[in-house]
Amino acid sequence: MSIRISKSFSASVAALALIGGFLSAGTAAADSVIRWMHVEQVPTTIALWTQIAKDFESKHPGVKIELQFLENQAFKAKMPTLLQSNDAPAMFYTWGGGVLQAQSVTGALRSIDPALDSNGGEWRKSLNPSAVEGLSFDGKVWAAPFRTGVVDFYYNKDLFKKAGVDASKIATWDDLLGAVKTLKQAGITPIAGGGRDKWPLHFYWSYLAMREAGQKGFEDAKAGENDGFNAKPFIKAGEDLTALGKLEPFQNGYLGATWNDALAAFGDGRAAMILSFENTPATQATNSTSRKGLPDETIGRFPFPVVQGGAGVATDNLGGLNGWAVTKNAPPETEEFLRYLASLDIQKQLAKDTQIMPVVKGASEAVSRPLLKEVATSLSKETWHQNFLDQDLGPNVGAVVNDVSTEIVSGGVNPADAAQQIEDAYSLERK
Amino acid sequence: MLMSVNGAASGGAQALPRRRKRSLSHSKWPVLILFLPPALLLFTVLVILPMGEAGWYSFYNWNGYGTPTQWIGLKNYQLIFRNGAFTQALINNGLIVLVSVLVQIPLALWLASMVASRIKGALFFRLIFFLPYVLADVAAGMIWRFVYDGDFGLVGGIAHFFGADPPFWLADRDVAMYAILGVVVWKYFGFHMMLFIAGLQAIDKSVLEAADIDGATGFQKFRLVTLPLLGSTVRLSVFFGVVGSLQLFDMIMPLTGGGPSNSTQTMVTFLYNFGVTRMQIGFGSAVGVVLFVFCVTLAFSYKRVFMRHD
């Protein structure tokens, strides 16, 4: 008796499961769900993205877009497992560089070339070529470009005035060191730094290496020629940075300060300069103690100075290039949505409301804030766009660059050893 | 246990009816078959397999994508022991054990001996002392990060009050570890105190009364009666201290993240910072294996040597 009951019971369970399976299969066929994984934390930006997604859904019945957020560090740690599981998102945020390349090699991604080239290459032609190239490996484009940016020095005009420093006269590294000295003498903390996160300090070593080695020297180093990253310009970059570190230019306790702490120090007017992203005018405000920060007219901007005798020029930019990578099993509408996201009107709106540096030709005119306009001009005139080294060289070498940059500044390692450490790490990655 | 009962039953079985005997001797198999597989399966899938996998990955240079192909033998292990940050992590783990034995446990024992007796307010203080332990590690780390902050934190405030330059302990590579040790003691002494309270309450009052009658002083009673009777609790407490030290991770991440200059890494933060975040899964697995060997060796030898009679 009990056997019979359990048999019929299990049969009905199986039947239910089957029906359930059909039902879920049915809904899946009717709806394509594009899962959009990002690391964005600014509520207004997410609100705008959600709105853009809704507009797209209404134009494409049957398509649903789900935004999924992961915190930056968690996102990076989780991605390898996630990409290889059935739970992979349809599209996710990428910084390009070695990480994207590693992902592309495994076959977890789908290249977007077919979509770029459809309609006579309409989408490809609308984009800035440097942005497309920056997200390409092995002759294929692995992510849809979304935004770009530059790292520059931002300074507090009031504090500069108080110390009697003229920002327009800072053209070389020695000028900058001079300005740091003058600021210190005036009792002002010259630079805000986030040493705990390390990467904020990697900007210094990266820029110095770019200024010393130039584009050619840098690419040679990556290819392993002339002693790779152990070559003279890279050691010299470390020496330049040591000279800055010796002046103790950062705020007290900068080695325990996060990037947000550094932005707060700048936004509160506790430090005169910060080497930072194009969105600094916005982020210094949100991170400041008052939440208002410095008004735009108090903030000035100058490019990273050149070094005497270096091969690099002031128009060589270090900056991000972000895009959206598409996974292997993403619904076919994903590329359609990305094309929509990269259309001129949307990019203009994003540039205006979320202060991104757009990647679509002609969209940068929508950039309205004067400080951001300067950045857009600098981007349009740039001679070389180098992606952040902690992305470009891959997560492992990138972490080494971050480590040694922090150590050089704080006097924990000498420039030659630092260059050797980077070269040692990178030599394992060269194919 | 069940088997020995069955054995005894079947041994003196003559008196028992036949049917009952048969059902008893057979009963262990259905039980085993019914109850063992779920636990065994879970243990295999969630413990044994990942351990085996980590051991396997540790011989590869692998970034976590695809399947590992680049066999590098014992190179990962060589790299671990050549890494200065790992040596520092080992030292820090040792330091945590040391502080836990020399500072935390005496402190916990002292407080326990005060609040174990049924005096007024003892319960209240027990609760107060136990509160830090209830707090999540991450939350404790974030609270103390703020306390130690030189700009806006408590430490900074005190320094400002006395007109001194505020210290930035977590940013100072010579001091940061001690600052963390302070938080570790603060966080876990309540737990050890609770262990000791339980131990103290288990001591037979008549023994202490006998000591009283013999004219023992308070300290003599503590040293010659209480402490020896608490021996097993002390050994257990030290054991928890050692294991806790090897696991310490989620409090350090919000406090310093292992920095500055790797001065506050523990073995687990080292694994995370150098394995997971750098996508060096092979290397990270090797660290995991080393950590595992450490844990197993320590746990077993400690139990063998110190907790033999407990």
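## A buried alanine in chain B

Let's start inside chain B of this predicted model. A89(B) has 26 other C-beta atoms within 10 Å, so this residue counts as buried; the cut-off for that label is 20 or more. Its place in the secondary structure is helix α4 of chain B, which covers residues 84-115.

Which residues does A89(B) touch, once those up to four places away in sequence are left out? The answer is Q265(B), T266(B), M267(B) and F270(B). Another residue worth a look is G258(B): it sits 169 residues from A89(B) along the chain, while the two C-alpha atoms are separated by 9.0 Å.

## A helix in the open

Now move along chain B to helix α10, residues 218-229. Is this helix largely buried or largely in the open? The number of buried residues among its 12 is 0, so α10(B) lies largely in the open.

## Where the two chains meet

The contact between the chains brings together 18 residues of chain B and 20 residues of chain A. On the chain B side, the residues that touch chain A are 10 polar, 7 nonpolar and 1 charged.

## Chain A as a whole

Chain A holds 18 helices and 14 strands. Along its principal axes, the C-alpha trace of chain A spans about 90 × 55 × 45 Å.

Of the 431 residues in chain A, 49% count as buried. Among contacts in chain A with a separation of 6 or more, 76% join residues 24 or more positions apart.

## Two domains in chain A

How is chain A divided? Domain 1 takes in 32-149 + 320-384, and domain 2 takes in 152-318 + 393-427. The centres of these domains of chain A, taken over C-alpha atoms, are separated by 28 Å.

Across the boundary, 17 residues of domain 1 of chain A are in contact with 17 residues of domain 2 of chain A. On the domain 1 side, α4 (97-105) and α15 (370-380) of chain A each supply at least two of the touching residues. The largest share, 6 residues, comes from α15(A). By class, this side of domain 1 of chain A has 8 nonpolar, 5 polar and 4 charged residues.

Notes
Residues are numbered from 1 along each chain as its sequence is written. Chains are lettered from A and ligands numbered from 1 in the order in which they are written. This is a predicted model: local features need pLDDT of at least 70, side-chain atom pairs count only at pLDDT 80 or more; totals for chains, interfaces and linings use all residues. Two residues are in contact if their C-beta atoms, placed from the backbone, lie within 7 Å. Ala, Val, Leu, Ile, Met, Phe, Trp, Tyr, Cys and Pro count as nonpolar, Asp, Glu, Lys and Arg as charged, and the others, Gly among them, as polar. Helices (H or I, at least four residues) and strands (E, at least two) are DSSP runs, numbered from the N terminus. The expected span of a helix is 1.5 Å times one less than its number of residues. Domain bounds come from an automatic or database domain assignment.
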